[in-house]
Amino acid sequence: MTIPNGLTPDEDTKATAKMPRIVNKMSTGLIRSKERVANHGEVFTPPWMVEAMLDLVKDETQRIDSRFLEPACGSGNFLVKVLQRKLAAVELKYGKFDFEKRHYALLALMCIYGIELLADNIAECNANLIYIFTDYLKVGRSDDTYRAASFVLSCNLLQGDALTMRTHDGQPIAFAEWGYIGKGKFQRRDFRFDVLTGSSAFSAEGSLFAHLGKH
Ligand SMILES: C[S@@+](CC[C@H](N)C(=O)[O-])C[C@H]1O[C@@H](n2cnc3c(N)ncnc32)[C@H](O)[C@@H]1O
């Protein structure tokens, strides 16, 4: 029997157990300053609550190519946990095969997106995600996989306003949809955020979700 994330129940249990135990620079305090709370609503979600919320969509968090966008990602409290869960799934399926492990780990990272108003938070979010990714693959800065991951994060994590859907320098927010086509090759299509979210029907042509149909 398989469950919706493609893992058998036994694999699902092992995936949870194998999640990388990472001590990173995530914001563990719930606030940084009263000013930031008042000005930006900056209150961080505690780890136990993040895990509980992600468990509501557990199968999706353990599917390597499910896409997650956090429109107010802070320093990545949710995105970090999503990446850890996806990498646990990579380890279970491809852990013994170095080539596949690297490329599916990169695909997992490619499926994580964030928008954040404040420059220091988005930089911290970027650092947290790259740390987890490189710690998992044991790659250094000169490695091609590291450079690919850095580039992906520069596209997927944007400093901007999720309400106006514009970047900090006034450009429309656009995201890349990455896909793994095998043999170490990826493809990319770009979508404007306002077009994606403004689609009257998710099935509109050109939407990220067009292949899912109206449901
Ligand atoms: C309540 S905190 C949550 C951070 C993180 N998601 C968490 O749960 O720990 C909200 C974050 O959203 C950012 N933010 C506030 N308004 C925003 C907007 N219009 N667009 C993008 N980010 C925004 C703040 O800077 C802050 O980092």
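Trainee: How many strands form the open sheet, and in what order?
Mentor: The open sheet has 4 strands in the order S1-S2-S3-S4, with mixed pairing. Strands (E, at least two residues) and helices (H or I, at least four) are DSSP runs numbered from the N terminus, and two strands pair if DSSP finds at least two bridges between them. S1 and S4 (166-167) each have a single partner strand and stand at the edges, so one side of each lacks a neighbour in the sheet. This is a predicted model, in which local features need pLDDT of at least 70 and side-chain atom pairs count only at pLDDT 80 or more, while totals for chains, interfaces and linings use all residues. Residues are numbered from 1 along each chain as its sequence is written.

Trainee: In what sense do S1 and S2 pair?
Mentor: S1 (residues 68-70) pairs with S2 in the parallel sense over 3 bridges, and Leu 69 stands opposite Tyr 113 in S2. S2 and S3 (residues 157-161) also run parallel, joined by 3 bridges, with Leu 158 in S3 as the bridge partner of Ile 115.

Trainee: Which residues of S2 lie on each side?
Mentor: Ile 112, Gly 114 and Glu 116 are on one side, Tyr 113 and Ile 115 on the other, and all are buried, where buried means that 20 or more other C-beta atoms, placed from the backbone, lie within 10 Å of the residue's own. In a regular strand, side chains alternate between the two faces of the sheet.

Trainee: Switching to H6, what do its buried residues pack against?
Mentor: They pack against H5, S2, H7 (119-137), H8 (144-156) and S5 (174-182), counting a contact when two C-beta atoms, placed from the backbone, lie within 7 Å. Among the buried residues of H6 are Arg 102, His 103 and Tyr 104.

Trainee: And the ligand, which residues come nearest?
Mentor: Of the 20 residues around the ligand, Phe 44, Thr 45, Ala 72, Gly 74 and Asn 77 come nearest, a residue being near if its C-beta atom, placed from the backbone, lies within 6 Å of the molecule.

Trainee: Which helix and strand each supply at least two residues of that shell?
Mentor: Those are helix H5 (77-94) and strand S2 (112-116).

Conventions:
Buried ≥ 20, exposed ≤ 12 C-beta atoms within 10 Å, placed from the backbone.
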